[in-house]
Amino acid sequence: MSGRQSGRPTLEEVAARAGVGRGTVSRVINGSPRVSEQAKAAVDRAIAELGYVPNQAARALAGSRTDAIALVIPETEARLFAEPYFLDLIRGVSAELAEADKQLLLTLVRSEQERRRFEQYVAAQRVDGVLLASVHADDPLPELVRELGLPVVLNGRRTEDEPVPYVDSDNAGAGRAAVDHLAARGRRAIATITGPLDMYVARARLDGYRAGLAAADLDADEALIATGDFTEEGGIRAMRELLARRPGLDAVFAASDVMAAGARAALREAGRSVPDDVALVGVDDSTVARLMDPPLTSVRQPIEEMGRTMARMLLQELAESAADRRARVLPTELTIRAST
């Protein structure tokens, strides 16, 4: 006796017997080409051994299209609505999907429980593909979505050698352009406020900052580097930290406009004027930059176009059933205003 009291073998049991994921079993059953011969043989063997019979209704549902695309942002509502970056990204994705007559499903994943719930939603074949934003180095969602047999495109990347298709901007170039500009204005003690260093975007902008210092023949002083978190509060904390370490600093490159706004608040708190005492540069060229006092010099990245390009790449993969690795890196451009 096997111990099973009733019912047919399940997809999960087939996956466990074959030593593969549930998504791989689903792809084999539905005839997807995105399965290695080794995995296909293991699944076929497990199906035969267990006597698994696919549910034809489920197969028909899995083979159909929902005309819905999920945009997943692993951030809180407060960050989503306070950060112009995400609003511009959503605008670009939404516009491209609307032109293709696709529905946008915006999903916030803020906890492990919500991540598991999203996994179940995707596994139930309720969307045709997934767009992921704000990815950290240890984010498991890209591989999870691919394991379930759905195409996925990232906004940004987790590493230099990102295996999942992505759309990014020239983040190292952004850092380099900011420092080149500050050095050309005669600034010599140039600090930076980074994003979270478990994100490739933050590390790349830091690399660009260091490259700019080297090109200007300026020393790379680690005391002039403070880590932020892409929030205004993080910018305030990091700026206070920098002033405590190097009170004579004369310029700051903040890795986002929102952190630059926090840095400006901390500088005013310390009695430093912008740009007379400290020049300030951000990244994004968002409404925050234009509305600051003084208006902020910022490196523009084409956020809305990044959203459109992500959606376009995903739709092309759906149309062509292509699994090729694709990547797009869009250029950045310095916009000079009164803060420098």
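Colleague: What does helix α10 lie across, and how does α10 run relative to β6?

Modeller: In this predicted model, helix α10 (residues 200–215) lies across β6, β7, β8 and β9. Its direction is at about 170° to β6.

Colleague: Which strands does helix α9 lie across?

Modeller: Helix α9 (residues 171–184) lies across β6 (190–194), β8, β9, β10 (297–300) and β12, running at about 165° to β8.

Colleague: What is the order of the strands in that open sheet?

Modeller: The open sheet has six strands in the order β7-β6-β8-β9-β10-β12, and the pairing is mixed. From one strand to the next the twist averages 20°.

Colleague: Why do β7 and β12 stand at the edges?

Modeller: β7 (225–227) and β12 (333–335) each have a single partner strand, so one side of each has no neighbour in the sheet.

Colleague: What makes β8 and β9 a pair?

Modeller: Two strands pair if there are at least two bridges between them. Strand β8 (residues 251–254) and strand β9 (residues 279–284) have three bridges, in the parallel sense.

Colleague: Why are α2 and α3 called roughly perpendicular?

Modeller: The axes of helix α2 (residues 22–29) and helix α3 (residues 37–50) come within 10 Å and cross at roughly 85°. Angles of 65 to 115 degrees count as roughly perpendicular, and α2 and α3 are therefore given that name.

Colleague: Which residues of α2 and α3 meet?

Modeller: T24, V25, V28 and I29 in α2 meet A39, K40, V43, D44 and I47 in α3. By class, this contact has six nonpolar, one polar and two charged residues.

Colleague: What makes Y85 and F86 an aromatic pair, and why edge-to-face?

Modeller: The ring centres of Y85 and F86 are 5.7 Å apart, and the limit for a pair is 6.5 Å. The angle between their planes is 90°, and planes over 60 degrees apart count as edge-to-face. By this rule the count comes to one aromatic pair.

Colleague: How do you know whether Y85 and F86 are buried or exposed?

Modeller: Buried means under 20% relative accessible area. Y85 has 12% and so counts as buried; F86 has 3% and is buried.

Note on methods
Residues numbered from 1 in each chain as written. Predicted model: local features only at pLDDT ≥ 70, side-chain atom pairs only at ≥ 80, totals over all residues. Heavy atoms only, no water. Phe/Tyr/Trp six-rings, centres within 6.5 Å; stacked < 30°, edge-to-face > 60°. Buried < 20%, exposed > 50% of the residue type's maximum accessible area, 1.4 Å probe, protein only. Axes fitted to C-alpha atoms, helices over the stretch in contact; angles between N-to-C directions. Helix = DSSP H or I, 4+ residues; strand = E, 2+ residues; numbered from the N terminus. Parallel < 35°, antiparallel > 145°, perpendicular 65-115°, else oblique. Contact = heavy atoms within 4.5 Å. Nonpolar A, V, L, I, M, F, W, Y, C, P; charged D, E, K, R; others polar.
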